[in-house]
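Please read the following note with the sequence and the model open side by side, and look up each residue as it is named.

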Amino acid sequence: MKNRAHRTSGKNFNLYSHFADSFAKTRDKVVLTTVRGQEYSFDRIDKLSGRFANYMAALGVVPGDRVTVQVQKSAENLALYFACLRAGFVFHPLNPGYKKAELEYFVGNAEPALIVCDGDKEKQITSIEADAGFRHVLTLNADGSGTLADGALAASDEFDTLLRGEDDLAALLYSSGTTGVPKGILLTHGNLLANTEALVKAWGFNANDHLLHVLPMFHAHGLFVAVGCTMLSGASMRWLATYDAKTVISFLRECSVLMGVPTYYTRLLAEPSFTADVCSTVRLFISGSAPLREETFVEFEERTGHRILERYGMTETNMTTSNPLEGERKPGTVGPALPGVEVRITDDDGEVLPAGEVGHLQVRGANVFAGYWSMPEKTAEDFTVDGFFKTGDMGQIDADGYIAIVGRNKDLVISGGLNVYPKEIELFVDKLPGVRESAVIGVPHADFGEGVVAVVVTEDGSLTDEQSILQTCRQGLANFKVPKRVVFVDELPRNTMAKVEKSKLRDLYRELLS
Ligand code: AMP
């Protein structure tokens, strides 16, 4: 684990204690309303989490144990997360879409004491039980029923939330794994508290806010950013289990904040019924987890008058930068570093680069994770000696301190010894007539090592063709950056967090230039 000085300030860092403090005088306030209008007061969620915590503890789960959770999004899912925070268990959420082979990896790696899964997954989970050595399986269905709820019924709803230090573990999330083997990211109560406090301040969250929560609960965005800001500010949320543009439009009229991935915004724009009027109660639209296209930002402002606030983060670092609440939100940038977070750009040798230059983005601060689960070498490799985490993203800082993400360094294409940043070519190609969006990749090339390929989605009915795109690229880009080929697809492959899966495209077009 990362070498970090333990501060013994005596402060209680348990994230849940801070949530509970925010509702100390408003325990009856409805904090969560489901899509069907079921209401959960803070008091109800608190008591449910108390029962769950008591029941799990009675089964023999102890602080520091991992609790793997593969369930649908529900109010009980939220209470289970809170129960783990309260009892010092390490919450390990998984995408409900994972299949058996993926589960075997995660469970084998996390070594949980308890797995909570949907009733219809129980068989699958128990079939991997023998090898993985975990002790208990409980079920929690989308409607809140299951053996967790049954068992917890007899347990007391009062639970003394444990005192936690800054470095005590709160959660284990795996990198989304668009490249390589997923790594377990250890997040502490200190990480989550510091970041949530910074976000509440930066985005002006307060008890009057009503968040439209549409994000999944197995990813940092929905789990820490969305739930964290709501709970720490004593606000409330409308809770939708899945994203559907029409449903979002129907609930936006009662909400003050929407958090989403860029696809949420493009899909809203595709609905003619999405108008400025629909947004009359909204004070803030936030986007993150993948790059927001400048065209989307502009079109959204034209349609609604709102400038989407784009922020940047990753599971390992929580949120690191954000465009401001007050002040200029620059499209194509993710804003300056959040207070308490240091961001720097370095060259390949780790030398810090001046403003304007593209390089490796590194982050340091209380928000940065404790290390990779049972991968000390990987952890050591990804931190500099002075404690900065190497994000693997390539970025650039402008004279005002605003950061632009230029691509992942694994994304980087090296053609004939020269570096090509896919994002730069994508921005260029995206602006061409008839192009809706593009993804630029490097594929093996006999002469140059790698050659640039543009994978393009065209606007409906567009007549643009490969030659006309290549010709314009030749006019506007240095030769080495001009794609060797342009291929057309109906849509780009994306993972659940809306990131383009470039590894799939690389596999698909591996032979294209041979
Ligand atoms: P995850 O850990 O799944 O949240 O993925 C983190 C990665 O998503 C980062 O390392 C970035 O590559 C990417 N990312 C997140 N937010 C943004 C953003 N606003 N713009 C561009 N890339 C982003």
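**Notes on the ligand shell and selected elements**

1. The shell around the ligand is made up of 6 nonpolar, 5 polar and 5 charged residues, where Ala, Val, Leu, Ile, Met, Phe, Trp, Tyr, Cys and Pro count as nonpolar, Asp, Glu, Lys and Arg as charged, and the others, Gly among them, as polar. Please keep in mind that this is a predicted model, in which local features need pLDDT of at least 70 and side-chain atom pairs count only at pLDDT 80 or more, while totals for chains, interfaces and linings use all residues. Residues are numbered from 1 along each chain as its sequence is written, and side-chain values use heavy atoms, with hydrogens and water left out.

2. Which residues come nearest to the ligand? Of the 16 residues around the ligand, these are Glu 310, Arg 311, Thr 315, Asp 393 and Arg 408, a residue being near when one of its heavy atoms lies within 4 Å of the molecule or strand in question. Glu 310 places a polar side-chain atom 2.9 Å from a nitrogen atom of the ligand, whereas Arg 311 has a backbone N or O atom at 2.8 Å from a ligand nitrogen atom. For Thr 315, a polar side-chain atom lies 2.7 Å from an oxygen atom of the ligand. The ligand taken alone exposes 500 Å², and the protein buries 93% of that; such accessible areas come from the Shrake-Rupley method with a 1.4 Å probe, and for residues only the protein chains shown count as cover.

3. The elements that give two or more residues to this shell are strand S13 (309-314) and strand S19 (403-408), and S13 gives the most, with 5 residues. The names follow DSSP runs, numbered from the N terminus, with helices (H or I) of at least four residues and strands (E) of at least two.

4. Among the buried residues of H2 are Phe 42, Ile 45, Leu 48, Phe 52 and Met 56, buried meaning under 20% relative accessible area, exposed over 50%, and partly exposed in between (1.4 Å probe, protein chains only). An α-helix has 3.6 residues a turn, so residues three or four places apart point the same way. Just after H2, Gly 60 takes a positive phi of about 105°.

5. Ser 49 belongs to helix H2 and is buried, with a relative accessible area of 0%. Leaving aside residues up to four places away in sequence, Ser 49 touches Tyr 16, Ala 79, Phe 82, Ala 83 and Arg 86, where contact means heavy atoms within 4.5 Å.

6. Helix H3 (residues 75-87) has 13 residues and reaches 18 Å from its first C-alpha to its last, close to the 18 Å expected at 1.5 Å a residue. H3 is mostly covered, with 13 of its 13 residues buried, and just after H3 Gly 88 takes a positive phi of about 80°.

7. His 360 lies in strand S16 (residues 359-365), and a polar contact of 2.7 Å joins its side chain to that of Asp 348. A polar contact is a pair of N or O atoms within 3.5 Å; within protein, one must be able to donate a hydrogen and the other to accept it, and residues adjacent in sequence count only if both atoms are side-chain atoms. Not counting residues up to four places away in sequence, His 360 touches several residues, including Arg 344, Asp 393 and Asn 409.

8. Is Lys 246 buried or exposed? Lys 246, in helix H10 (residues 245-252), is exposed, with a relative accessible area of 56%, and its side chain makes a polar contact of 3.4 Å with the side chain of Glu 271.

9. Two residues other than glycine deserve a look for their positive phi values: Ser 289, near 85°, and Asn 318, near 55°. Ser 289 sits in the loop between strand S12 (284-287) and helix H12 (294-304) and is buried at 12% relative accessible area, while Asn 318 is in strand S14 (residues 318-322) and counts as buried at 4% relative accessibility.

Definitions and conventions: The expected span of a helix is 1.5 Å times one less than its number of residues.
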